[in-house]
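My notes are set down in the order I made them.

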2 protein chains.
Amino acid sequence: MNSIILVVEDEPAIQELVAVNLEHAGHQVWRAQSAEDADAMVREALPDLVILDWMLPGTSGLAYARRLRGAERTRRIPIIMLTARAEERDKVEGLEGGADDYLTKPFSPKELLARIKAVLRRRAPERTDDAVEISGLRLDPATRRVVGNGREITLGPTEFRLLHFFMTHPERVHSRTQLLDRVWGDHVFVEERTVDVHIRRLRQALEASGHDRLVETVRSSGYRMRGV
Amino acid sequence: MNSIILVVEDEPAIQELVAVNLEHAGHQVWRAQSAEDADAMVREALPDLVILDWMLPGTSGLAYARRLRGAERTRRIPIIMLTARAEERDKVEGLEGGADDYLTKPFSPKELLARIKAVLRRRAPERTDDAVEISGLRLDPATRRVVGNGREITLGPTEFRLLHFFMTHPERVHSRTQLLDRVWGDHVFVEERTVDVHIRRLRQALEASGHDRLVETVRSSGYRMRGV
DNA sequence: CCGGCGTGTAACAATTCCGTCACGTGACTG
DNA sequence: CAGTCACGTGACGGAATTGTTACACGCCGG
């Protein structure tokens, strides 16, 4: 939890309703009244999720969703669409929304939060604060603790995120570029080889409990975490 | 997935529409406004697929498709043609089977992606990241793992690609030249006999699970992988 | 203002991988 | 049955990739 959520909604009452609920749940909220507003914010930094009203003055929510999905930088941001009436839902869905989920007004705060959680879990499990465990190595985002076979393991911030990403996406090979994108994040410009160094630091820390072998090198492709 | 797709389309709006959708699907897009532009790009490196407007200023799409199909180097690149009206479709189709598929404007993004996937799977299944399995030997591109009867098999990069190609094109003899083209890639200059050496290395690795017998030598023609 | 801490980079070391060659062996031909 | 021809195989030098270390720099907290 504690994600950055961009709420794009022109109607102040609904904007407020959504924002308050999200903030109450511990999220950080950015507010935009239009797609243009939203775009300005997104250019600055990437939110973890976007809640987008279907009807907006100027660029429609649908069009904006498509735009987000089109650009490389914003492609993988989860989108939840707010639609006005139940009837329109199918229409939008059929039309080809880039959205991950839809919410029909009126909706309960509980439903809103549940869908956010579900979408995040599906598209970006590393943004969730569920604890993860792989063969005796346990990482808990909520407490920011890593424990290997009972022994506590200390990690720097980057190594922690790196391990978290690996553990939420095990068994898959990740190229250095992918890791930079998803662990280091947006708007960073660092050498690919920097990844190697942090892999080294991570392995070194994991040696304490013998879990360093979980981080595998896949020559010419990238790195992979052993699953199970 | 994640292929390089060359889009040849003179109308900016459609060019953009297609490109955005392809990028969203994870492909890398090269854009060309004319057959001449496209040709310059293709000379540099080969795309995995070409989307070609039928009507183009200068050399027509149809003519360019024929040219691509004529040259040895570009012969096997899949081509999808964009045609203007439904009526013309039959005409074009009848006229020349240079294309692998046709798409009539207007088309939905979904249809576009579906056809691309279908064409790629048909003409270049090794570019897909679906796992393949043949008689107890399983190769998974996403995890970059090869498992033979439960035992994990370690392969170098080239052997991995070679095996992947074989497994996606079983029961068919591939000459050394073909293998060099499709496994080593375009624009490489190595001895043909190098293939033999990698075949040897592949077989050696596969011995661990007894799958080395799947790779058969076809004297004076090339190599073949046993299917099923 | 000092001293850690965390980071990114560059440089060097250690592997791993690749392509080529040389030689051996088996198969096919006439 | 000898002579090619095609392929198998082992070795080797060099290239490419990754591991590792050292260092400089910026950012706090004291």
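The entries below go from conventions to sheet, helices, chain contact and DNA.

**Conventions.** I am working with a predicted model, in which local features need pLDDT of at least 70, side-chain atom pairs count only at pLDDT 80 or more, and totals for chains, interfaces and linings use all residues. Residues are numbered from 1 along each chain as its sequence is written, and chains are lettered from A and ligands numbered from 1 in the order in which they are written.

**Sheet, chain A.** I took helices (H or I, at least four residues) and strands (E, at least two) as DSSP runs, numbered from the N terminus. Strands count as paired if DSSP finds at least two bridges between them. I found an open sheet of five strands in chain A, ordered β2-β1-β3-β4-β5, with parallel pairing. At its edges are β2 (28-32) and β5 (101-104) of chain A, each pairing on one side only. From one strand to the next the twist averages 20°. I then looked at one pair: β1 (residues 4-8) and β3 (residues 49-53) of chain A run parallel and are joined by four bridges. Ile5(A) stands opposite Leu49(A) of β3(A).

**Helix α1, chain A.** Helix α1 (residues 12-24) of chain A lies across β1, β2 and β3 of chain A, at about 165° to β2(A). Angles run from 0 to 180 degrees between N-to-C directions, with axes fitted to C-alpha atoms, for helices over the stretch in contact. I checked Pro12(A), which is found in this helix. For burial I used other C-beta atoms, placed from the backbone, within 10 Å of a residue's own: 20 or more is buried, 12 or fewer exposed, in between partly exposed. Pro12(A) counts as exposed because it has 10 C-beta neighbours inside 10 Å. Its C-alpha is separated by 23 Å from that of Glu44(A), 32 residues apart along the chain.

**Leu68(B).** This residue lies in helix α3 (residues 61-70) of chain B. Leu68(B) has 22 other C-beta atoms within 10 Å, so it is buried. Leaving aside neighbours within four places in sequence, I list its contacts (C-beta atoms, placed from the backbone, within 7 Å) as Val50(B), Thr74(B), Ile77(B) and Ile79(B). Between Leu68(B) and Val50(B) the C-alpha distance is 9.8 Å, at 18 residues apart in sequence.

**Helix α6, chain B.** The twelve residues of α6 (residues 157-168) of chain B reach 17 Å from first C-alpha to last, close to the 16 Å expected at 1.5 Å a residue. The expected span is 1.5 Å times one less than the number of residues. Its buried residues include Phe160(B), Leu163(B) and Phe166(B).

**Chain A to chain B.** I find 13 residues of chain A in contact with ten of chain B. The chain A side has two nonpolar, three polar and eight charged residues. The classes are Ala, Val, Leu, Ile, Met, Phe, Trp, Tyr, Cys and Pro as nonpolar, Asp, Glu, Lys and Arg as charged, and the others, Gly among them, as polar.

By class, the surface near DNA strand D has four nonpolar, four polar and six charged residues.

Methods:
Contact = placed C-beta atoms within 7 Å.
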